[in-house]
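Here are my notes on this one, written as numbered points. Have the model open while you read.

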Amino acid sequence: MPQLRLLPRRAWAALFSQLLRPPCTSSPGAVHCHSQGTRDLSPQQMVVREKILDLVVSCFKRHGAKGLDTPAFELKEVLTEKYGEDSGLIYDLKDQGGELLSLRYDLTVPFARYLAMNKVKKMKRYHVGKVWRRESPTVLQGRYREFCQCDFDIAGQFDPMIPDAECLKIMCEILSGLQLGDFLIKVNDRRIMDGMFAVCGVPESKFRAVGSSIDKLDKMSWKDVRHEMVAKKGLAPEVADQIGDYIQCHGGVTLVEQMFQDPRLSQNKQALEGLEDLKLLFEYLTLFGISEKISFDLSLARGLDYYTGVIYEAILLQSPAQAGEEPLSMGSVAAGGRYDGLVGMFDPKGHNVPCVGLSIGVERIFSIVEQRMKTLGERIRTSETQVFVATPQKNFLQERLKLIAELWDAGIKAEMLYKNNPKLLTQLHYCENMGIPLAVIIGEQELKEGVIKLRSVASREEVAIKRENLVAEIQKRLSES
């Protein structure tokens with residue numbers, strides 16, 4: 001697929017500053033706005049969104065995934081203590097009839113609950129659905145309180161790193177297919193991170209808290225993250241500095257080899273297991289032809305508590321303005337990882353089902369694609385109407401209704417104006433404005449001769465077609481276009 005050029009630096013800045021509309025201020029008599037951090041989507045926006053979702057879902061299906069849906073809300077206890085520091089962002093619902101409920105925070109925990117409840121030991125599934133987070137909506141970070149997620153997960157006991165490699169391949173296929181420009185997928189492993197914390201002297205009770213601070217490195221400078229770890233998380237300054245040395249490392253499989261030689265990290269059993277798996281993962285990524293898109297990055301933390309092994313995050317890169325400059329990251333558009341202990345939390349006997357998955361960030365991708373279409377001046381058709389039924393004469397409503405019913409019954413997408421006696425020019429203008437490719441015209445002359453005029457809206461050419469051949473001729477033309 002041809003790559004579309006990336007937007008200029010200024011356009012990117014404008015786009016990301018507009019990702020979230022500021023809350024609207026109602027003037028007297030104005031209709032009240034929707035809730036802050038949510039938004040309506042116009043027909044034009046829905047067309048863009050559906051194109052993105054079609055591409056994403058068709059990729060999931062190509063890899064053998066089955067569809068799944070879960071309720072918008074879960075028992076509160078299902079969601080608590082699964083997300084670490086982010087648990088405060090869960091939307092709790094008012095007690096209705098003795099059940100404490102919460103809106104789902106992501107699609108992963110409900111999936112794990114489903115597997116445990118139904119005793120499913122093996123499944124490859126995809127799920128597209130809305131999730132809710134009680135964020136403070138911020139204009140610059142593009143954070144919404146209600147947004148759509150597209151998830152793909154592989155559950156089951158398999159040989160190491162094969163499903164993980166497939167998840168990364170899927171990410172690459174989707175991001176390449178959407179033509180968002182250059183991207184990079186950062187990869188790390190929770191075991192390497194925990195091993196790094198251990199050898200740097202972080203108490204085990206603080207592993208998750210320190211990890212969630214490191215997770216903020218894409219939004220905060222190392223100086224601010226270090227300050228948070230020392231001042232708020234109570235970490236010794238020299239421990240924070242040792243962590244700082246490690247998390248500046250990123251590279252490919254050679255960095256994995258280097259870490260095997262690291263005198264401290266190589267003494268940690270957990271870290272060694274993680275490094276072994278990453279080495280194997282890179283072998284598979286090379287066979288899939290995507291290793292140049294993947295970077296082993298020791299600063300990648302992923303704040304969620306349930307990850308147990310490989311973790312990854314895809315970021316868009318903005319082309320460097322000057323030669324020799326580092327490409328700029330434009331934020332995360334997909335992420336995921338391995339969570340082998342989550343299903344066991346819902347199983348009465350604690351039986352685990354190993355899982356690995358990914359989530360595509362539709363909102364940010366949607367904003368980027370929409371902005372790009374505006375920049376390139378692409379026109380968006382909001383309906384899929386293929387044929388318009390028109391007449392130049394008065395009192396032809398009955399004939400138009402008979403004709404349009406014939407088209408609908410043949411599976412052709414057709415429209416007409418809801419007027420008894422519309423002007424022909426009005427009808428033809430409507431076709432042009434809506435981008436409808438064909439018009440069929442019926443009048444007294446056509447009725448007498450048993451024909452229908454078929455008009456190509458773009459070229460304005462007209463031909464007379466026998467009434468009984470009309471459907472076949474339209475279908476032939478539509479299949480050729």
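**Notes on the model**

1. Let me start with Tyr-306, which counts as buried at 5% relative accessibility (buried is under 20% relative accessible area, exposed over 50%, partly exposed in between, with a 1.4 Å probe and protein chains only). Tyr-306 sits in the loop between β8 and β9; helices (H or I, at least four residues) and strands (E, at least two) are DSSP runs, numbered from the N terminus.

2. Before going on, some housekeeping. This is a predicted model, so local features need pLDDT of at least 70 and side-chain atom pairs count only at pLDDT 80 or more, while totals for chains, interfaces and linings use all residues. Residues are numbered from 1 along each chain as its sequence is written, and side-chain values use heavy atoms, with hydrogens and water left out.

3. What does the side chain of Tyr-306 make a polar contact with? The partner is the side chain of Asp-106, at 2.6 Å (a polar contact is a pair of N or O atoms within 3.5 Å; within protein, one must be able to donate a hydrogen and the other to accept it, and residues adjacent in sequence count only if both atoms are side-chain atoms). Leaving aside neighbours within four places in sequence, Tyr-306 is also in contact (heavy atoms within 4.5 Å) with residues including Lys-82, Tyr-83, Thr-108 and Arg-338.

4. UniProt, in an unreviewed entry, lists Tyr-306 and Asp-106 under "binding site", along with Leu-107, Thr-108, Arg-133, Gln-149, Asp-153, Arg-302 and Tyr-307. Those positions are in the numbering used here, feature names are shortened, and annotations may be inferred rather than shown by experiment. Gln-149, on strand β5 (residues 146–155), counts as buried at 10% relative accessibility. Not counting residues up to four places away in sequence, Gln-149 touches Asp-106, Leu-107 and Arg-133, among others.

5. Now the inside. The largest nonpolar core has 75 residues, of which Phe-60, Ile-185, Met-196, Ile-243, Phe-296 and Tyr-312 touch the most other members (a nonpolar core is a set of buried Ala, Val, Leu, Ile, Met, Phe, Trp, Tyr and Cys residues joined through side-chain atoms within 4.5 Å). α5 gives the most to this core, with eight residues. Apart from it lies another core of 26 residues, among them Ile-90, Ile-311, Tyr-339 and Leu-342.

6. α5 itself is mostly covered, with 12 of its 16 residues buried. Its end C-alpha atoms are 22 Å apart, which agrees with the 22 Å its 16 residues should span at 1.5 Å a residue (the expected span is 1.5 Å times one less than the number of residues). Gln-179, following α5, has a positive phi near 55 degrees.

7. Which side of α11 (residues 269–287) is buried? Its buried residues are Ala-271, Gly-274, Leu-275, Asp-277, Leu-278, Leu-281, Phe-282 and Leu-285. They cover an arc of only 165 degrees around the axis, so they lie on the same side of α11 (the arc is that of the directions from the helix axis to the C-beta atoms). The face turned away carries the exposed Lys-269 and Leu-287. Partners of the buried residues include α5, β6 and α10.

8. At the start of α11, a side-chain oxygen of Asn-268 comes to within 3.1 Å of the backbone nitrogen of Gln-270. Gly-289 follows α11, with a positive phi near 75 degrees.

9. Last, have a look at Gln-427 in helix α14 (residues 424–434). Gln-427 is buried, at a relative accessible area of 0%, and its side chain reaches the backbone oxygen of Pro-422 at 3.4 Å.
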